[in-house]
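Trainee: I'd like to learn how to read pockets, strand pairing and residue surroundings from a set of coordinates. Can we go through one case together?

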Amino acid sequence: MKKIISVISSLLIAGTLAFGFSACGSNGTDSGDTFQENFYYTAVCENGRTVSYTLRSIGSVSDAEIAIPSEYRGKPVTAIGESAFFNSKYITGVTIPDTVETIGKYAFNGCERLTRAELGNGVKTIEDGAFSYCVSLEKISIPSSVRVIGSDVFNECTSLKEAVMEEGVQRMGRSVFTGCYMLEEVIFPDSIMGVGEDADGDYSMTATFMNCTGLKHVKLPEKLEFIPQWFFAGCQSLETVEIGKSVKSVGYSAFYDISSMKNLVLPASLVSCEGYSFHRLYGLEKVFFEGTAEQWAAIEIRRTDSGTQPLRASAKSALDDMFGSNVTVYFYSKNKPTGQGNFWHYLQGAPAIW
């Protein structure tokens, strides 16, 4: 009898270990947390069985350098949960394994001593605010596995100097780099199809680089069709922006309060601009339009009162409103024109006036 009880007890213990201290329901996340010495986990269940774990929060770990485990109790760790390391004051570095597919909302928000974050090659989604207010973070590299970067992910990372995104990212939310004062250059991969849209499909107050006062150069993706509101507002050091040839529209105050930009190249695909799309560009001298004067004349300016009017090269008032009275607009001509007018061409990859 004692032997039978002993066997039953052993089986119960084994079952408890296998299923993470609490029984899985049907599909989804198990309601009970499990505990390991360093971290808390939650089981992810399918058909009543534990298939993976989400790291929920810190347990007893107090190391400055954190390595997220790739597995727990023989199952992969596939996610870092919402606010898992929120406001941690001692973490200086984190390594995320290839098994992790999702970095949850505010996972590392407010980790003010975090200087290094190494993302594994399995990460697919970085949710809203995951690294916001990590004021000591200096560099971030987004692997090719990532498809979605949420809103405010690196908001107010005031020490961030370098952000590298590999081909693969498709969508970015709003205000991703707002307030990253030390950031100087960002090259978007051409895989990106949309920037600035939140989870509800709202593009308002996008402000992707708003107040990135050290930003000097940005290359936008070729597939991007819309530059949203306040995109570069307050980027006072911005000198060059490489705009893709698919951009059709520029949002309200997208280029606002920029003093270092002298030249701007606009694609022939541009058909409309919202009010003040190009406003308070104090240093701007030349606009190089890749289309013809006729195409330029057809571009609509969408006012804040929802009205529209064409932007005509001969209409000085329109130029004063959009670019200022000291700006000259040049139209693209591959070959040297025989007639009069303001024309330009590419010379060794850079705009040159005929």
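Trainee: Let's begin with pairing. In which sense do strand 3 and strand 6 pair, and over how many bridges?

Mentor: Keep in mind that this is a predicted model. Strand 3 and strand 6 (residues 75–80) pair in the parallel sense, over 3 bridges. For one of the partners, look at L55, whose bridge partner in strand 6 is I80.

Trainee: And how does strand 2 run against strand 3?

Mentor: Those two are antiparallel: strand 2 (residues 39–46) is joined to strand 3 (residues 49–58) by 8 bridges. You can find A43 opposite Y53 of strand 3. The hairpin they form has 2 residues between the strands, and N47 takes a positive phi there, near 55°.

Trainee: Now a single residue. Is S52 buried or exposed?

Mentor: Compare its relative accessible area with the cut-off: buried means under 20%. S52, which belongs to strand 3, has 6%, so it counts as buried. Then check its surroundings. Setting aside neighbours within four places in sequence, S52 is in contact with T42, A43, V44, K75, P76 and T78. With T78 there is also a polar contact, side chain to side chain, at 3.3 Å.

Trainee: Which residues of the lining lie nearest the centre of the largest pocket?

Mentor: Of the 21 lining residues, V241, E242, I243, V265 and Y346 lie nearest the centre. The elements giving two or more residues to that lining are strand 17 (217–219), strand 19 (240–242) and strand 22 (263–266). Strand 22 gives the most, with 4 residues.

Trainee: What is the lining of the largest pocket made of, by class?

Mentor: There are 9 nonpolar, 5 polar and 7 charged residues in the lining.

Trainee: You named Y346. What does the side chain of E290 do with the side chain of Y346?

Mentor: The two side chains make a polar contact at 2.5 Å. E290 sits in the loop between strand 25 (286–289) and helix 2 (293–298). With a relative accessible area of 17%, E290 is buried too. Not counting residues up to four places away in sequence, E290 touches K245, V265, L266, P267, A268, Y332, W344 and Y346.

Note on methods. Residues numbered from 1 in each chain as written. Predicted model: local features only at pLDDT ≥ 70, side-chain atom pairs only at ≥ 80, totals over all residues. Heavy atoms only, no water. 1 Å grid on protein atoms, 1.4 Å probe; cavity = no way out; pocket = protein on both sides within 12 Å on 5 of 7 lines; lining within 4 Å. Nonpolar A, V, L, I, M, F, W, Y, C, P; charged D, E, K, R; others polar. Pairing = 2+ DSSP bridges. Buried < 20%, exposed > 50% of the residue type's maximum accessible area, 1.4 Å probe, protein only. Polar contact = N/O pair within 3.5 Å; in protein donor to acceptor, adjacent residues only side chain to side chain. Contact = heavy atoms within 4.5 Å.
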